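Please keep the viewer open while you read.

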Amino acid sequence: MRKKQFKAESKKLLDMMIHSIYTHKEIFLRELISNASDAIDKLYFKSLTDNSVALSKSDFKIRIDLDKENRIIKITDNGIGMTADELENNLGTIAKSGSFNFKKENAQDKNIDDISVIGQFGVGFYSSFMVSDKVEVVSKAFGEQSAHKWISKGIDGYTIEECDKDDAGTVITLYIKEDTENEDYSQYLEQYTIQELVKKYSDYIRYPIIMEMSHQVPDTEKEGEYITEISEDTLNSMIPIWRKSKREIKQEDYNEFYKQKFMDYSDPIAVIHSKTEGQATFDALMYIPENPPYDFYSKEYEKGLQLYSNGVLIMDKCADLLPDYFSFIKGLVDSADLSLNISREMLQHDHQLKIIAKAIDKKIKNELKKMLSNDRERYEKFFKTFGLQLKYGVYANYGMEKDSLKDLLLFDSSNGDGLTTLKEYVGRMADSQDTIYYACGESAEKIALLPQTDAVREKGYEVLYFTDEVDEFAIQMLMEYDGKHFANICKNDIDLSTDAEKEAINQKNEDSKELLEKMKNALDGQVTAVKFSNKLGKHPVSLSAEGYVSLEMEKVLNSMPGANQGVKAQLVLEVNVKHPVAEKLVSADDETIVKYTKLLYANARLIAGLDIDNPTEFSDIVCELM
């Protein structure tokens with residue numbers, strides 16, 4: 001027996017790893033299974049060129065045994081095994097990786113393409129000490145006559161001695177710690193816990209992971225009673241659905257996998273399954289849910305795709321793979337190209353990850369565009385559920401994604417044929433029209449009743465109806481579409497009158513300058529101007545806005561958390577010069593002008609969807625004039 005000590009640096013690293021690096025102690029099983037898979041990969045690789053390897057691929061397996069009474073877990077593989085020197089180098093020196101060296105040494109061999117060496121960093125094995133007081137490793141290298149046993153209780157060091165073992169491979173024995181007030185180590189001795197952990201982290205390891213399982217089955221001789229049967233069960237499915245050819249997979253298979261994997265009762269509205277090769281090689285399987293998750297609009301919701309490396313779960317929700325505007329996407333990515341740092345649990349945000357994220361973003365956008373073109377009904381169903389996210393995507397990050405998202409947006413409009421894209425709106429424009437007109441409001445029905453909407457439609461122009469708070473902000477960020485600029489019909493600078501009509505209304509306002517100034521003063525700073533207008537159709541009055549901030553922007557900005565109601569649109573009270581109310585104003589005395597003005601202003605605010613500042617005064621004036 002040779003007694004060894006870890007180097008001082010290794011002691012510090014081991015202590016740090018056990019107490020700090022791994023957030024969840026349960027990943028010890030993932031690490032040991034991955035190491036076992038690596039060992040089998042090496043022997044399988046050798047079998048491709050060495051006839052002395054009697055095992056075929058179907059003979060390889062990983063076995064887990066539980067001894068609850070003695071608090072022992074054993075993980076056994078029939079892989080390549082380790083010599084005494086390899087035990088010394090791979091287990092005695094922390095962060096020394098035999099798998100990494102193996103892959104490096106065989107990088108030029110064409111047969112290595114069929115081998116996915118997972119454990120490229122030699123730290124994962126030591127996660128065993130998070131749950132164990134003592135760890136024993138018995139290993140016999142393929143082709144060697146003798147086996148060796150490595151034993152350690154942690155940072156105090158380890159021993160290596162010769163021992164007996166019939167076949168090549170490795171047996172790792174964990175002596176599980178006693179429970180404490182804060183830690184339940186006994187859970188790892190329960191078969192259902194092991195079953196769940198294998199399913200969670202190692203379901204797609206290519207070799208069968210077997211364990212002796214007890215099952216309660218009906219007693220055929222005694223009705224109503226059960227007996228315990230013992231069987232060897234395979235815990236993992238081995239072949240990931242995302243690595244299969246699309247031709248092999250039915251829609252029902254995709255749907256069933258989604259519902260089981262992501263805990264949804266409904267089929268997804270769309271499936272995106274792709275294999276990408278090039279700068280980054282990865283498989284992706286993504287889903288668009290039919291309904292948003294229950295916590296989608298809460299602070300607790302976490303976006304992200306599951307991240308796998310060669311079928312081993314690395315991260316349950318990798319947020320960096322999805323932009324916020326696609327936060328509703330569920331799914332996974334499996335790649336062997338990612339650079340992993342000291343443990344598989346901690347992903348280094350490197351160049352490869354960014355390449356993958358960019359490719360995924362492009363793939364989702366292309367799939368949505370295809371759905372929009374080929375299955376409009378399904379796309380509109382999707383957009384009514386998640387379209388708001390795409391609109392925020394146009395506005396976010398100073399409009400960085402506006403060009404790639406603008407053709408995915410849908411809006412209601414005065415066209416009356418359902419939702420429309422910007423491209424479809426422009427396609428319906430007359431050659432002489434150079435502006436895309438829109439109006440904002442709580443609903444399409446309310447926007448359709450606005451005086452300005454009537455006036456614009458009378459001129460033969462279509463109006464987009466913006467009913468989401470972000471709509472106008474997104475369009476302001478977009479600025480133009482296909483060379484056509486956007487214009488809010490409720491802004492004061494919109495005038496579709498003929499030259500003659502403009503001249504006539506300008507003259508009317510000039511002649512009524514004294515009256516309009518009295519009306520402005522009556523509102524005591526609530527508007528920047530009062531004027532007569534010829535663009536209100538049959539409606540008596542309306543409010544428009546001057547400058548950048550529209551009425552809708554004022555409402556949105558002042559409704560935000562922490563807003564101090566300081567954002568104000570510069571309002572203009574417009575009175576329809578063709579309505580009888582205009583004649584009433586011209587002939588009224590000063591006192592009546594004040595009352596009429598306040599009444600008209602209150603009505604204009606109601607039409608615009610704004611609150612009345614003084615409802616009591618409004619009511620009193622109405623009753624008095626009646």
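Predicted model: local features only at pLDDT ≥ 70, side-chain atom pairs only at ≥ 80, totals over all residues.

Residues are numbered from 1 along each chain as its sequence is written, and side-chain values use heavy atoms, with hydrogens and water left out.

**Whole chain**

The chain has 19 helices and 22 strands; these are DSSP runs numbered from the N terminus, with helices being H or I of at least four residues and strands E of at least two. Of its 626 residues, 50% count as buried (under 20% relative accessible area; exposed is over 50%, partly exposed in between; 1.4 Å probe, protein chains only). Among contacts (heavy atoms within 4.5 Å) between residues at least 6 apart in sequence, 69% join residues at least 24 apart.

Five strands form an open sheet in the order 15-17-16-19-18, with mixed pairing; two strands pair if DSSP finds at least two bridges between them. At the edges are strand 15 (412–413) and strand 18 (480–481), each pairing on one side only. Strand 16 (residues 435–440) and strand 17 (residues 463–466) run parallel and are joined by four bridges. Cys-440 stands opposite Phe-466 in strand 17.

| Helix | Lies across | Angle |
|---|---|---|
| Helix 12 (residues 451–458) | strand 16 and strand 17 | about 155° to strand 17 |
| Helix 13 (residues 471–478) | strand 16, strand 17, strand 18 and strand 19 (484–488) | about 160° to strand 16 |

**A buried aspartate**

Asp-283 lies in strand 11 (residues 282–288). Is Asp-283 buried or exposed? Asp-283 is buried, because its relative accessible area is 8%.

In helix 17 (residues 580–587), the buried residues are Val-581, Ala-582 and Leu-585. They lie on the same side of helix 17 because they cover an arc of only 105° around the axis, taken from the directions from the helix axis to the C-beta atoms. The buried residues of helix 17 pack against helix 15 (513–522), strand 20 (529–533), strand 22 (570–576) and helix 18 (590–607). Turned away from that side are the exposed residues Pro-580, Glu-583, Val-586 and Ser-587.

How values were computed: Axes fitted to C-alpha atoms, helices over the stretch in contact; angles between N-to-C directions.
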